[in-house]
Amino acid sequence: MPTLFVKTGDITEEAVDAIVNAANATLRGGGGVDGAIHRKAGWELLEECVRLKGCAPGDAKMTRAYRLPCRAVIHTVGPIWKGGAQREAETLASCWRTSLDIALREGFRTVRFPSISTGSYGYPIREAARIAVSTVLAHPFAGEVGIVCFTDEDRAVYQEALEEALREG
Ligand code: ADP
């Protein structure tokens with residue numbers, strides 16, 4: 001089981017083994033956290049991403065980190081919220097699981113995630129946080145996982161989900 005914590009911050013400043021990007025299926029960059037990661041990493045990241053030829057929702061692909069202070073970027077594609085009957089929960093859980101599968105395979109010790117799908121993809125954050133926390137806590141990756149929220153309000157939601165999951169064992 002990973003060590004899991006939640007914080008407020010800018011994920012592009014995390015000097016860890018890998019940060020996870022909430023990318024889109026084209027892997028050609030976008031807004032939100034994806035835009036921030038590409039801006040800071042530099043044009044080489046976009047060039048490497050283009051060579052990966054996209055990524056399916058729920059899947060994840062790794063690249064180098066270029067001018068970011070981390071060692072690698074794990075790009076995952078969250079579900080677009082369409083009301084909850086389009087397997088959004090399964091797809092979101094798969095994002096977190098597949099990203100941690102890569103971290104485990106690569107021998108990483110420290111990984112940081114943003115709040116996947118809860119920005120422009122519209123996933124309700126309470127439900128997204130519950131899925132994120134339970135998926136991380138069920139994963140065999142034994143390193144340190146931090147969820148880096150952009151606002152204190154979002155951090156409080158993830159913190160509550162984490163405390164609830166730990167209470168329920
Ligand atoms: P998605 O398309 O998966 O919803 P977004 O990038 O629109 O992805 O939003 C995901 C979350 O990332 C949102 O909570 C947003 O506030 C947050 N975010 C945006 N920039 C950063 C950043 N630099 N560091 C951490 N989180 C960020």
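Student: How far apart are the end C-alpha atoms of helix H4 (residues 125-137), and what span should its 13 residues give?

Tutor: In this predicted model, the end C-alpha atoms of H4 are 18 Å apart. That agrees with expectation, because 13 residues at 1.5 Å a residue should span 18 Å; the expected span is 1.5 Å times one less than the number of residues.

Student: Which residues of H4 are buried?

Tutor: They are Ala128, Ala129, Ile131, Ala132, Val133 and Val136.

Student: What is Ala132 in contact with, leaving aside neighbours within four places in sequence?

Tutor: Ala132 is in contact with Trp96 and Ile147. Ala132 also belongs to the largest nonpolar core, which has 49 residues. Ala18, Val73, Val111, Ala132 and Tyr158 have the most contacts inside that core.

Student: Changing topic: how many residues surround the ligand, and which are the closest?

Tutor: The ligand is surrounded by 20 residues, and the closest are Ala22, Gly32, Gly119, Tyr121 and Phe150. By type, the shell divides into 9 nonpolar, 8 polar and 3 charged residues.

Student: Which element gives the largest share of that shell?

Tutor: Helix H1 (residues 32-41) does, with 4 residues.

Student: Finally, what does UniProt list for residues 1-166?

Tutor: An unreviewed UniProt entry lists "domain: Macro" there. Over residues 1-166 the chain is 40% helix and 20% strand, with the end C-alpha atoms 12 Å apart.

Note on methods: Residues are numbered from 1 along each chain as its sequence is written. This is a predicted model: local features need pLDDT of at least 70, side-chain atom pairs count only at pLDDT 80 or more; totals for chains, interfaces and linings use all residues. A residue is near a molecule or strand if its C-beta atom, placed from the backbone, lies within 6 Å of it. Helices (H or I, at least four residues) and strands (E, at least two) are DSSP runs, numbered from the N terminus. Ala, Val, Leu, Ile, Met, Phe, Trp, Tyr, Cys and Pro count as nonpolar, Asp, Glu, Lys and Arg as charged, and the others, Gly among them, as polar. A residue is buried if 20 or more other C-beta atoms lie within 10 Å of its own, exposed if 12 or fewer, and partly exposed in between; C-beta atoms are placed from the backbone. A nonpolar core is a set of buried Ala, Val, Leu, Ile, Met, Phe, Trp, Tyr and Cys residues joined through C-beta atoms within 7 Å. Two residues are in contact if their C-beta atoms, placed from the backbone, lie within 7 Å. UniProt positions are given in the numbering used here, feature names are shortened, and annotations may be inferred rather than shown by experiment.
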